[in-house]
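Colleague: I have a chain open here and would like to go through it with you. Can we start with the record and then move to the fold?

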Amino acid sequence: MAEGIVKHIVLSKFKDETSEEQIDEIIKGYANLVNLIPQIKSFRWGKDVSAENLNQGFTHIYESTFDSVEAIAEFIAHPSHVEYANLSLPYVENVLAVDYKPTIVNL
């Protein structure tokens, strides 16, 4: 088992026709998964504010924290996550997801 904090990062690029109200509902739905899926230890989100203009159209970032890689797999398979994904994906043009274990650099 891969123990230790693991971050699950999702970047979303919404379809042009997706309204701000729909995006707000999608964000609230993702945030509410914390109340439905015990494997999620924390959730944060934000919009891209980079001056580099390298976001490739990805505008919304979601960060969830888990205790292990296995916990992320359980989250992904959880019926509440599956339902959320099925409801939100029609509004999304593209999505990118990565998982990583934060590492401290000792100098």
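Modeller: A word on the record before using it: UniProt positions are given in the numbering used here, and annotations may be inferred rather than shown by experiment. Also, this is a predicted model.

Colleague: Fine. Which residues does UniProt give for the "Stress-response A/B barrel" domain?

Modeller: The unreviewed UniProt entry places that domain at residues 6-100. In the model, the end C-alpha atoms of that span lie 6 Å apart, and the span is 38% helix and 35% strand.

Colleague: How many helices and strands in the protein chain?

Modeller: Three helices and four strands. Their order along the sequence is β-α-β-β-α-α-β.

Colleague: And what share of the contacts with a separation of 6 or more is between residues 24 or more positions apart?

Modeller: That share is 78%.

Colleague: What does the C-alpha trace span along its principal axes?

Modeller: About 40 × 40 × 20 Å. Of the 107 residues, 32% count as buried. The chain exposes about 7000 Å², with carbon and sulfur atoms supplying 55% of that area.

Colleague: On to the inside. Which residues of the largest nonpolar core touch the most other members?

Modeller: Phe14, Tyr30, Leu33, Ile40, Tyr62, Phe66 and Phe75, out of 18 residues in that core. At least two core residues come from each of β1 (3-14), α1 (20-36), β3 (60-68) and α2. The most come from α1, which gives five.

Colleague: What does Ile40 touch, leaving out residues up to four places away in sequence?

Modeller: Leu33, Val34, Ser64, Thr65, Phe66 and Phe75.

Colleague: Phe75 again. Which residues of α2 are buried?

Modeller: In α2 (residues 69-77) the buried ones are Ala71, Ile72 and Phe75. Seen down the axis of α2, they fall within an arc of 100°, so they line one face of the helix.

Colleague: Why would residues three or four places apart point the same way in an α-helix?

Modeller: Because an α-helix has 3.6 residues a turn.

Colleague: Change of topic, backbone. What is phi at Asn53?

Modeller: Near 55°, a positive value in a residue other than glycine. Asn53 sits in the loop between β2 (42-47) and β3. Gln56, in the loop between β2 and β3, is not a glycine but has a positive phi of about 55°.

Colleague: Is Asn53 buried or exposed? And Gln56, buried or exposed?

Modeller: Asn53 is exposed, at a relative accessible area of 65%. Gln56 also counts as exposed, at 65% relative accessibility. The cut-off for exposed is over 50%.

Conventions:
Residues are numbered from 1 along each chain as its sequence is written. This is a predicted model: local features need pLDDT of at least 70, side-chain atom pairs count only at pLDDT 80 or more; totals for chains, interfaces and linings use all residues. Side-chain values use heavy atoms; hydrogens and water are left out. Buried means under 20% relative accessible area, exposed over 50%, partly exposed in between (1.4 Å probe, protein chains only). The arc is that of the directions from the helix axis to the C-beta atoms. A nonpolar core is a set of buried Ala, Val, Leu, Ile, Met, Phe, Trp, Tyr and Cys residues joined through side-chain atoms within 4.5 Å. Contact means heavy atoms within 4.5 Å. Accessible areas come from the Shrake-Rupley method with a 1.4 Å probe; for residues, only the protein chains shown count as cover.
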